Amino acid sequence: MSTATPLTKPVDDQPSDRGLSAAEIKRLKFQADTDQLVAAFNKDQLKLSNVDWVVTLFLIGVHVGALFAFMPMFFSWTGVAVCLALHWATCSIGICLGYHRYLAHKSMKLRAPAEFVAMACGCLSGEGSPLTWAATHRLHHQKSDQDGDPHSPIVVNGAWSHILWLFPKRTTESSRILYRRYVPELVDRPMLQFFEKTFALWLWGGGLVLLAAGWAIGGWQMGASLVVWGMCVRMVAAYHSTWFVNSATHLWGYRNYDTRDHSRNLWWVAILAYGEGWHNNHHAHPAVAPAGHKWWEFDITWWSIKALRAVGLAYDVKDKLPVGRAADESDQESDMMEKAVAGVA
Ligand SMILES: [Zn+2]
Ligand SMILES: [Zn+2]
């Protein structure tokens with residue numbers, strides 16, 4: 001009879017077979033996934049050995065490109081006009097309407113052509129794929145200003161919430177958990193899969209189209225002007241407009257609602273980010289399509305939603321403005337989804 005110690009434990013001793021119920025195993029797996037996700041967005045991930053150089057060098061490159069706008073040889077009124085038009089199309093239609101209110105919060109439904117244009121504009125913004133954006137944003141709402149919030153100025157600091165959180169490299173596994181948990185109903189949609197695979201091509205393609213169009217109408221100098229203004233200046237302006245929503249509107253401004261986070265309404269971010277600066281309103285009632293809840297809280301993106309509804313491209317718009325100071329339970333929707341996935345609801 002052998003007395004040697006077995007190298008591996010007998011199958012019966014494995015944790016999954018120690019009499020744990022299927023629900024307990026699911027809960028343990030769920031907790032392990034949660035821990036991995038919280039760790040992925042922890043500030044400790046920001047170290048030189050863990051920098052996402054693709055994202056970091058791209059953002060540095062766009063900012064350096066925007067500096068060429070100070071050189072008179074790259075100035076043109078055509079470039080400024082293209083910059084303003086694309087800023088509105090990518091930031092207001094692509095991000096605010098498309099990625100944010102439509103995809104992440106389901107504040108309305110869009111007919112396929114409008115959905116396609118909104119997602120394409122989102123890709124042209126340079127803020128990543130629709131699924132990554134929507135999943136990360138749902139995580140922000142669920143964990144807002146608590147551990148696990150990807151970009152809280154309260155938990156970490158203003159610089160982290162504004163830009164630094166974008167720099168750490170995140171693992172394929174943490175992205176898989178993020179998708180499976182936060183956008184389970186979106187992840188298999190063919191149109192979103194298409195943009196998932198092509199979002200970077202839209203961006204580079206947009207730059208090439210501007211270069212070629214400028215070249216055709218005014219030679220290389222006009223081509224360069226359209227790239228500097230229509231891509232670099234436009235993207236830098238739109239980036240910081242969006243990023244101020246993550247940083248400034250969790251720090252400064254007034255509150256209409258008693259939310260569980262530190263969200264604020266800030267007029268100048270509302271102007272820069274096409275209505276998204278009314279962020280306390282939004283955290284209190286995330287699924288409501290208009291972000292401005294008082295008559296003076298102008299929300300330019302809401303005007304576009306109304307226009308799309310008028311021509312039948314948007315429907316089932318959640319436009320009922322809340323009454324009183326209480327936040328609704330919509331922020332808890334993702335908590336419920338999380339529990340449902342874990343099988344503990
Ligand atoms: Zn927020
Ligand atoms: Zn939101």
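1. Of the 345 residues of the protein, 39% count as buried. Buried means that 20 or more other C-beta atoms lie within 10 Å of a residue's own; exposed means 12 or fewer, and partly exposed is in between, with C-beta atoms placed from the backbone. This is a predicted model: local features need pLDDT of at least 70, side-chain atom pairs count only at pLDDT 80 or more, and totals for chains, interfaces and linings use all residues. Residues are numbered from 1 along each chain as its sequence is written, while chains are lettered from A and ligands numbered from 1 in the order in which they are written.

2. Next, the overall layout. The protein has twelve helices and two strands. Both are DSSP runs numbered from the N terminus: helices are H or I with at least four residues, strands are E with at least two. Along the sequence the pattern reads α-α-α-β-α-α-α-α-α-α-α-α-β-α. Take the contacts between residues at least 6 apart in sequence: 70% of them join residues at least 24 apart. Two residues are in contact if their C-beta atoms, placed from the backbone, lie within 7 Å.

3. Look at helix α4, residues 112-124. Its 13 residues, at 1.5 Å a residue, should span 18 Å, and its end C-alpha atoms are 18 Å apart, which agrees. The expected span is 1.5 Å times one less than the number of residues. Buried residues in α4 include A114, E115, A118 and M119. Also buried there is the run A120, C121, G122, C123 and L124. What do the buried residues of α4 pack against? Their partners are α3, β1 (109-110), α5, α8, α11 and β2 (314-315). Just after α4, G126 takes a positive phi of about 80°.

4. Now a helix pair. Helix α3 (residues 77-104) packs with helix α11 (residues 300-310) at an angle of about 85°, and their axes are 10 Å apart. Axes are lines fitted to C-alpha atoms, for helices over the stretch in contact; angles run from 0 to 180 degrees between N-to-C directions. That makes α3 roughly perpendicular to α11, a label for angles of 65 to 115 degrees; under 35 counts as roughly parallel, over 145 as roughly antiparallel and the rest as oblique. From α3, the contact uses S92, I93, C96 and L97. From α11, it uses I300, T301, S304 and I305. By class, the contact has five nonpolar, three polar and no charged residues. Here Ala, Val, Leu, Ile, Met, Phe, Trp, Tyr, Cys and Pro count as nonpolar, Asp, Glu, Lys and Arg as charged, and the others, Gly among them, as polar.

5. Helix α7 (residues 172-182) has L178, R181 and Y182 as its buried residues. They cover an arc of only 85° around the axis, which puts them on the same side of α7. The arc is that of the directions from the helix axis to the C-beta atoms. An α-helix has 3.6 residues a turn, so residues three or four places apart point the same way. The face of α7 turned away from the buried side carries exposed T172 and E173.

6. Two loop residues deserve a check. D145 has phi near 60°, a positive value in a residue other than glycine. D145 sits in the loop between α5 (130-143) and α6 (158-162). Y274, also not glycine, has a positive phi near 55°. Its loop runs between α9 (267-272) and α10 (279-284). Y274 is buried, with 26.

7. Finally, E196 in helix α8 (residues 190-246). E196 is partly exposed, with 18 other C-beta atoms within 10 Å. Leaving aside neighbours within four places in sequence, E196 is in contact with S129 and L131. The C-alpha atoms of E196 and G128 are separated by 8.7 Å, although these residues are 68 apart along the chain.
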